[in-house]
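Subject: Structure handover

Hello,

Here is the structure you will be working with. Please open it beside this email and follow along.

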Amino acid sequence: MELGKLIVFTGPSGVGKGTLLRAILEKYPELEISISATTRPPRQGEVNGKHYYFVSRDKFEAMAAAGELLEWAEYAGNYYGTPRTPVEEKIQLGKFVILEIELVGAREINKTFPNALRIFVLPPSLAELERRIRDRAQDSEDAIARRLDRAKIEIDAADEFDVQIINDDFDIALLNLEHAIFSPGIY
Ligand SMILES: Nc1ncnc2c1ncn2[C@@H]1O[C@H](COP(=O)(O)OP(=O)(O)OP(=O)(O)O)[C@@H](O)[C@H]1O
Ligand SMILES: Nc1nc2c(ncn2[C@@H]2O[C@H](COP(=O)(O)O)[C@@H](O)[C@H]2O)c(=O)[nH]1
């Protein structure tokens, strides 16, 4: 079915995935970022249908059971999943579609889209990752602890991905992301 390109964008919570994607979208507005469904409550400023589709657990489970999700996973106590139809339609139209998803979902996508470009974003250190999560001031102490535990497992899996980008200097990381998406041959 491949006409466009599916790009899986993974990395521990707080590493800067969302910030990098917002920046690359500004430069390349033709890129498509998939909007996930989640049972997590919205953070301050998050808008339903723009940042996520915020749904109940019952609704999420019904979507998964009906095969409406391309992949899904439980992460830090909430469900997250990629609505299937918009992604498949955009790929059919030749678009580049980016999924910002965690490790379990990324592995699931390997099975359905083996040709997807898989990018992993790394922090310069775990201490800096924790600083970024805390500075964001959006998560409870319990959520921060769960995210940091999960971060170690995810970082250990970075080599499974086609490209690894260290998000230390933001502009360099952005340049590397741009190269990975548009000049994949150089990696
Ligand atoms: N290169 C960088 N240097 C310093 N701070 C950064 C850098 N990149 C991003 N940040 C900051 O780190 C924080 C976390 O970034 P962001 O929310 O984009 O992470 P994320 O990976 O999308 O997290 P999540 O998966 O939890 O949504 C933000 O406050 C952001 O401004
Ligand atoms: N497997 C999936 N993971 C997803 C999806 N949408 C987001 N995510 C990942 O969840 C964590 C936590 O996100 P947060 O917004 O609560 O900080 C993060 O790693 C996201 O990349 C999805 O559809 N499927």
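Below are some notes on the two ligands, followed by a few single residues.

First, the ground rules. This is a predicted model, in which local features need pLDDT of at least 70, side-chain atom pairs count only at pLDDT 80 or more, and totals for chains, interfaces and linings use all residues. Residues are numbered from 1 along each chain as its sequence is written, chains are lettered from A and ligands numbered from 1 in the order in which they are written, and side-chain values use heavy atoms, with hydrogens and water left out.

Ligand 1

Helices (H or I, at least four residues) and strands (E, at least two) are DSSP runs, numbered from the N terminus.

Now look at the polar contacts. A polar contact is a pair of N or O atoms within 3.5 Å; within protein, one must be able to donate a hydrogen and the other to accept it, and residues adjacent in sequence count only if both atoms are side-chain atoms. Gly 14 has a backbone N or O atom 2.9 Å from an oxygen atom of ligand 1. The side chain of Arg 147 puts an N or O atom 3.3 Å from an oxygen atom of the ligand. Asp 168 uses a polar backbone atom, 2.9 Å from a nitrogen atom of ligand 1.

How much of ligand 1 does the protein cover? On its own, ligand 1 has 650 Å² of accessible area, and the protein covers 76% of that. Accessible areas come from the Shrake-Rupley method with a 1.4 Å probe; for residues, only the protein chains shown count as cover.

Ligand 2

There are 16 residues around ligand 2. Ser 36, Arg 40, Tyr 52, Tyr 80 and Glu 102 come nearest. By class, five are nonpolar, four polar and seven charged. Here strands contribute: β5 (69–75) and β6 (78–83) each supply at least two shell residues.

Again, check the contacts. A polar side-chain atom of Tyr 52 is 2.6 Å from an oxygen atom of ligand 2. Glu 71 has a side-chain N or O atom 2.7 Å from a nitrogen atom of the ligand. At Thr 82, a polar backbone atom lies 3.4 Å from an oxygen atom of ligand 2. The protein covers 96% of the 510 Å² of accessible area that ligand 2 has on its own.

Single residues

Start with the loop between β1 and α1. Gly 11 lies there, and Gly 16 is in that loop too. Are these residues buried or exposed? Gly 11 is buried, at 3% relative accessible area. Gly 16 is buried as well, at 14%. Buried means under 20% relative accessible area, exposed over 50%, and partly exposed in between (1.4 Å probe, protein chains only).

Gly 11 and Ile 119 are 108 residues apart in sequence, yet their C-alpha atoms are 8.4 Å apart. Gly 16 and Pro 41 are 25 residues apart along the chain, with 20 Å between their C-alpha atoms.

Leu 20 is in helix α1. Leu 20 counts as buried, at 1% relative accessibility. Phe 120 sits in strand β8 (residues 117–122). Phe 120 is buried, at 0%. From Phe 120 to Ile 24 is 16 Å, C-alpha to C-alpha, and 96 residues along the chain.

Finish with Ala 76, in the loop between β5 and β6. Its phi is near 50 degrees, a positive value in a residue other than glycine. Most residues other than glycine have a negative phi. Ala 76 is partly exposed, with a relative accessible area of 21%.

Best wishes

Key: A residue is near a molecule or strand if one of its heavy atoms lies within 4 Å of it. Ala, Val, Leu, Ile, Met, Phe, Trp, Tyr, Cys and Pro count as nonpolar, Asp, Glu, Lys and Arg as charged, and the others, Gly among them, as polar.
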